[in-house]
Amino acid sequence: MDKVIGRQSTILSIANSHILRMKKQPSKRFYFFIALLIFIVAVGIFSFWNSTIIGFIGGDDAYYHATHSALIAQYDQPSYVGAWAPYHFLTYAPVNPYFLHHYLSSFVIDIFGKTNGMKIVGIIQAALIFPLFFLVIKKKSSSIGLPLMLTVLFFFASPVLLARLLLLRPFVLSMSLAILSYVLMEKKRWGLLFFLSAAYILIYNLAPLTIGIALLFVLEDWLKKRPVSLAPLIATMGGMTLGLLLHPQTLNYINLIYTHFVQIFFLKLSGVVLPSGREIQPQRISAFFFLNIIQICASILTTALYLAFRKNLKTKEHHTALFILVIGWFVVSFFIPRAVEYWVPFVWLLIALLLNDASIHREIREMKRVLSLKLFLPIVEGALAIGLVFLGTANMFLIKDVIDQHNQSEDTASYAEAAAYLQSHTPEGSILFYPIWSMFPKLFFFNTHNRYVTAFDPVFLYKYQPDLYWIWYNMVYFGRYCDQKDPCTTLGGRQNIHAIHLAFQYLFHTDTIVVPKHVDGKSFADRTLLGKILEVQKDQYTNVYENADLIIYSVNPQNKNRP
């Protein structure tokens with residue numbers, strides 16, 4: 001009888017301990033509910049910000065993405081690509097590098113219109129990364145507090161990242177896909193990684209960067225003398241191969257990826273000057289530190305934790321691969337603002353993994369116990385919390401400043417007015433010349449009636465015909481007719497002016513030029529020699545339209561021989 005009672009008490013104690021553990025461990029539904037709340041809050045914040053933005057912030061790419069998606073919906077052709085630029089791959093090797101993203105966006109834009117639809121797509125993809133991040137790191141934690149805190153820090157860490165999340169581009173969705181790719185590699189879910197990689201490359205042409213993560217996984221296994229598995233590479237590259245084969249313009253897409261990853265690099269090494277957007281131009285060091293102070297501190301903490309505990313970390317997880325990835329993107333971010341979108345998420349992911357590692361967790365608890373004997377920790381913790389809240393609030397004000405500066409310089413109405421003039425005063429399909437290549441998306445957004453000299457990146461004009469690129473480059477930047485890299489000095493002043501006039505007519509086949517009225521606070525004519533030529537040579541160019549931000553010139557025909 002005593003034995004039976006003893007067994008019953010043992011069973012009851014085991015059951016009670018199991019029940020207590022279940023009470024301590026929230027259910028999966030609870031975590032998904034918290035993730036849903038995070039998503040709703042993020043949607044609310046990004047919706048508020050977007051509601052205060054006139055047009056699209058950044059002034060370029062989002063206008064193209066919205067228009068291309070709208071045209072796909074209009075013609076009901078998922079693979080639709082128009083010959084919008086005659087000296088560009090859009091004409092000689094047509095391809096949509098964002099095929100799946102544009103196709104999915106077309107359904108939203110078809111319902112809500114180009115502007116509101118594009119903002120809805122952008123809000124959803126920007127908000128999605130934060131609940132995904134929470135769900136990934138909560139798997140490594142025994143409580144909800146640390147994952148929630150790190151998710152909040154991730155959101156407020158970098159105003160540069162938040163500003164870039166407002167740009168409404170496919171790369172925003174790619175941030176979530178990159179994190180998910182890493183997680184699937186860590187969990188060895190090769191089938192899911194295969195199909196994710198296929199979708200990734202159909203969404204964004206820079207998806208092959210994920211192959212670098214797979215290579216780091218293989219490298220870490222080799223360095224730590226573990227059995228080397230090529231599965232991350234096979235699943236990633238195999239999936240992307242499938243995605244390329246499913247793309248409606250497979251060969252053209254491969255050519256485009258080659259241009260972005262290989263050809264541009266060698267062209268720059270060979271001395272070809274290729275204008276680029278500000279996001280990939282070197283930034284001031286002071287600005288980098290000021291805008292990324294929380295992120296830099298997090299990187300320092302990450303480095304300290306990794307170096308101190310690297311020998312005691314779980315052997316099966318790829319902390320070294322993630323650490324190399326973080327350091328690599330930190331170095332790139334130091335020079336190029338655009339790299340922040342890859343640096344920031346992986347820093348906080350690595351911090352979460354390190355803080356939840358058993359050996360580090362024990363050391364931190366012991367450190368906290370020792371410090372509590374010397375310091376009144378609530379005051380220290382409170383001071384740190386206040387400091388982080390202050391920095392986070394300051395970052396929110398920086399975002400407000402970004403939006404205010406954008407709205408003050410917003411010229412959407414001027415582009416819409418100029419587009420209306422062009423549609424009624426120029427032949428359909430006629431080519432527009434403009435001196436700033438990033439004017440294309442906004443012109444295109446309001447006007448698919450015309451075609452355009454450059455689109456996306458000037459490298460594609462160079463790839464089409466190097467001589468024509470150098471003529472465009474030298475005319476735009478130096479006001480000289482020259483078909484090579486080094487400035488030509490063989491033409492005198494009058495000859496140069498005459499050659500530029502003939503180039504418009506016979507090389508670029510345009511009789512309409514659209515220029516900004518002001519550049520960096522000065523008139524376009526005062527800022528550039530080309531602007532002065534257009535303004536002064538009234539027998540060759542006629543100012544036919546002008547509004548607050550743009551001037552349209554007509555190229556007067558001249559019966560001369562070609563240059």
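Predicted model: local features only at pLDDT ≥ 70, side-chain atom pairs only at ≥ 80, totals over all residues.

Visitor: What does the secondary structure of the protein chain come to?
Guide: There are 26 helices and 7 strands. Of the 563 residues, 51% are buried.

Visitor: Where is Asn205, and why is Asn205 called buried or exposed?
Guide: Asn205 sits in the loop between α10 (190-203) and α11 (210-223). Its relative accessible area is 3%, and buried means under 20%, so Asn205 counts as buried.

Visitor: What makes the link between the side chains of Asn205 and His260 a polar contact?
Guide: The two side chains are joined at 2.8 Å, and the cut-off for such a pair of N or O atoms is within 3.5 Å. Beyond its neighbours within four places in sequence, Asn205 also has Tyr98, Leu256 and Phe261 among its contacts.

Visitor: Which residues make the nonpolar surface patch?
Guide: Phe261 turns up again here, together with Leu209, Tyr258, Val262, Phe265, Phe266 and Leu269. The patch covers about 670 Å².

Visitor: Take Leu269, then: how do you know whether Leu269 is buried or exposed?
Guide: Leu269 lies in helix α13 (residues 250-269). Its relative accessibility is 60%, and exposed means over 50%, so Leu269 counts as exposed. Patch members need over 30%, and Leu269 clears that with its 60%.

Definitions and conventions: Residues numbered from 1 in each chain as written. Heavy atoms only, no water. Helix = DSSP H or I, 4+ residues; strand = E, 2+ residues; numbered from the N terminus. Buried < 20%, exposed > 50% of the residue type's maximum accessible area, 1.4 Å probe, protein only. Polar contact = N/O pair within 3.5 Å; in protein donor to acceptor, adjacent residues only side chain to side chain. Contact = heavy atoms within 4.5 Å. Patch = residues over 30% accessible without salt bridge, like charges linked within 9 Å, V, L, I, M, F, W, Y side chains within 5 Å. Areas by Shrake-Rupley, 256 points an atom, 1.4 Å probe, with all protein chains shown as cover. Salt bridge = Lys/Arg side-chain N within 4 Å of Asp/Glu carboxyl O.
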